[in-house]
Amino acid sequence: MSAVTVQNLVKTYASGGRRATDDVSLEVADGEFLVLVGPSGCGKTTLLRMVAGLETPDSGRVSIGGRDVTDLPARERGLSMVFQSYAIFPHMRVRQNIGFGLTMRKVPRDEFDRRVARAAELLRLTDYLDRYPAQLSGGQRQRVAVARAIVVDAAVLLMDEPLSNLDALLRLQFRAELKRIVSQLGTTTLYVTHDQAEAMSLGDRVAVMRDGRVAQLGPPLSVYDRPSDRFVGGFLGSPPMNFLTARVRDGLLAIGDASLPAPDQLSTWDGRDVVVGVRAENIQVSAQARPGWLPARVEVVEPTGAALLLTVRLGDEQLKVQAPTTFQATPDQPLHLYAPQDSLRFYDPETSLALP
Ligand code: ATP
């Protein structure tokens, strides 16, 4: 068993002032891939480093496999790590780089060969074992760093932005490979990224962090579909969730000059404003007026290849809408919008929290 539990972790850097992590508690289940994601400075790396034993918390506990490791040094925690600056050794061949942790543990020669061969195979590095790092591409070097981390069969794998040195295409390819490898190994993994697409793609669950706290934790699609607050809805997804202000009145939801039936969820909000959240892909478009559809106007048309991303004006609000490529759209053209009621999310305009 290798679940990772962090309880009430608080960390303030001497020069920092504000708390880098502010009472964070979470659990990575045995064999789970949990992604910490959030904007720069939200405390992801600090949290990971406290799990690793590279940073000492002001207060709170870390346990691994049910054992309290808070006071243990990094090397006694049974972890393996991959960092953004994946320092592989330039003077060692790929084979020795991958097997470095095994050499340190004085693993016998035949076992060394067997384990390095397996890690190399998983990372498609078998043909490169006799090369030096300088003879590899950036993506291959990154794979060596990951192979080196998995070869030791640690109970827990920690990764901090391991793909950030790769260009966009390689990053996308290696992301899928990493997903395959980690699911094959079944190692408990805690992974840090600021890239929401990476978090969505890799995580069994994602923890969206903000200002040293976990804003929401859950399976990626459920966090994406039901953000617990406006920050999460605005952070996850490309484009971010649309937010518009609407007034609830007499069972209707008024947006600008148009109105829709208000769902029962808003029955106690009569006479007040709410914020409506809706994803670009849940908004349907029509060139013709239809009953119950909202009149709007196209401002910008951006083909993404798979779809058209439209920026549209609805009353005082601007929103992003994903239309099929077959939709004829030009700037300034009127159009009509519809979003099924079950795709609408509602937020308190004062607290920004999702309404119950
Ligand atoms: P990024 O994605 O930019 O790496 P992050 O979410 O990983 O950001 P952290 O690196 O954990 O964030 O930083 C959290 C906060 O702690 C930030 O405000 C940062 O400036 C501060 N911080 C981090 N490391 C130190 C340090 N060694 N000394 C002082 N302050 C630090």
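Me: Why does Asp250 count as exposed?
Reply: A residue is exposed if 12 or fewer other C-beta atoms, placed from the backbone, lie within 10 Å of its own, buried if there are 20 or more, and partly exposed in between. Asp250 has 9 C-beta neighbours inside 10 Å, so it counts as exposed. Asp250 sits in the loop between strand S11 and strand S12 (252-255), and its phi is positive, near 50°, although Asp250 is not a glycine.

Me: What kind of model is this?
Reply: The model is predicted; local features need pLDDT of at least 70 and side-chain atom pairs pLDDT 80 or more, while totals for chains, interfaces and linings use all residues. Residue numbers start from 1 along each chain as its sequence is written.

Me: What makes Val6 buried?
Reply: Val6 has 22 other C-beta atoms within 10 Å, so it is buried. Val6 belongs to strand S1 (residues 4-11).

Me: Which residues is Val6 in contact with, leaving aside neighbours within four places in sequence?
Reply: Contact means that the C-beta atoms of two residues, placed from the backbone, lie within 7 Å. By that test Val6 is in contact with Val24, Ser25, Leu26, Val51, Gly60 and Val62. From the C-alpha atom of Val6 to that of Leu47, 41 residues apart along the chain, the distance is 9.0 Å.

Me: Why is helix H1 called largely enclosed?
Reply: Helices (H or I, at least four residues) and strands (E, at least two) are DSSP runs, numbered from the N terminus. In H1 (residues 44-52), nine of the nine residues are buried, so the helix is largely enclosed by the rest of the structure. Among them are Lys44, Leu47 and Arg49. Just after H1, Gly53 has a positive phi of about 90°.

Me: How do you know that strands S3 and S8 pair?
Reply: Two strands pair if DSSP finds at least two bridges between them. S3 (residues 33-37) and S8 (residues 188-193) have five bridges, in the parallel sense. Phe33, for instance, has Thr189 of S8 as its bridge partner.

Me: In what order do the strands of the open sheet stand?
Reply: The order is S6-S7-S8-S3-S9-S10, with mixed pairing. Strands S6 (79-82) and S10 (213-218) each have a single partner strand, so they stand at the edges, and one side of each has no neighbour in the sheet.

Me: Which domains make up the protein chain?
Reply: Domain bounds come from an automatic or database domain assignment. That assignment gives domain 1 (4-235) and domain 2 (242-347). Their C-alpha centres are 39 Å apart, and five residues of domain 1 are in contact with five residues of domain 2.

Me: What is the peptide bond from Ser238 to Pro239, cis or trans?
Reply: That bond is cis, with omega near 5°. Pro239 lies in the loop between helix H9 (230-235) and strand S11 (242-249).
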